[in-house]
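Here are a few notes to go with your first look at this one. Have the model open while you read.

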Amino acid sequence: MNPMARFLSSLLTLVGITGCQPSVQDDARPIKDVIEAYKDAPLGKSINAVSHKLASSEIILLTEGIYENGKPLRLKVASNNQGREWAYAYTDESELLAAFPNGCSFVAMQFRDAFTIVERDSRFGGIFINHTDKYKYLIPREVFDEVNVALAATSGSKTKAEQ
């Protein structure tokens with residue numbers, strides 16, 4: 001094999017291996033910047049990087065009434081045109097206020113905890129993140145396994161399939 005072909009082969013292998021991994025640069029950016037960077041990317045190309053960043057993020061979930069410690073958490077949800085309920089989450093207060101300028105009941109928690117709640121309840125079609133078009137991101141149930149893998153990779157814990 002000539003040296004140029006060997007070089008191109010190595011380069012293609014490297015690009016193929018690293019192409020789907022979140023970049024070190026993504027780790028340093030705020031979650032809204034990561035969502036914006038992947039806004040026009042297909043879900044298959046963005047879900048790993050966005051999930052990886054969400055793993056270390058706190059999010060805000062809407063609740064039905066004020067949440068009281070020790071009582072069941074009742075999430076405020078909305079149904080899509082197929083009748084599937086979606087949990088609504090916000091990455092910060094400005095996104096929450098963009099959706100509900102007069103305020104509403106909510107609870108803040110780590111994304112991985114919120115994801116576990118939604119994942120365990122089969123009525124949910126997914127998680128709708130943020131309100132503004134610039135930072136909106138949808139995580140449908142169909143990619144929950146990929147989210148689990150990304151969450152496990154960021155914590156060193158076992159994935160759902162390994163448990």
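1. Which backbone nitrogen lies 3.5 Å from a polar atom of the side chain of Thr63? That of Phe106. The Thr63 side chain also has a polar atom 2.7 Å from the backbone oxygen of Gly65.

2. Before going on: this is a predicted model, where local features need pLDDT of at least 70 and side-chain atom pairs count only at pLDDT 80 or more, while totals for chains, interfaces and linings use all residues. Residues are numbered from 1 along each chain as its sequence is written, and side-chain values use heavy atoms, leaving out hydrogens and water.

3. Back to Thr63: you'll find this residue in the loop between strands E1 (58-62) and E2 (77-79). Thr63 is buried, at 4% relative accessible area (buried means under 20%, with a 1.4 Å probe and protein chains only). Beyond its neighbours within four places in sequence, Thr63 is in contact (heavy atoms within 4.5 Å) with residues including Leu73, Leu75 and Phe106.

4. Next, look at helix H6 (residues 111-120), where Phe111, Ala114, Phe115, Val118 and Glu119 are buried. Seen down the H6 axis, the buried residues fall within an arc of 130 degrees, so they line one face of the helix (the arc uses directions from the helix axis to the C-beta atoms).

5. Phe115 and Phe144 make an edge-to-face aromatic pair, 4.8 Å centre to centre with 65 degrees between the planes (ring centres within 6.5 Å make a pair, and planes over 60 degrees apart count as edge-to-face). Phe115 sits in H6 and Phe144 in helix H7 (residues 144-155), so the pair ties together parts 29 residues apart in sequence.

Conventions
Buried < 20%, exposed > 50% of the residue type's maximum accessible area, 1.4 Å probe, protein only. Helix = DSSP H or I, 4+ residues; strand = E, 2+ residues; numbered from the N terminus. Polar contact = N/O pair within 3.5 Å; in protein donor to acceptor, adjacent residues only side chain to side chain. Phe/Tyr/Trp six-rings, centres within 6.5 Å; stacked < 30°, edge-to-face > 60°.
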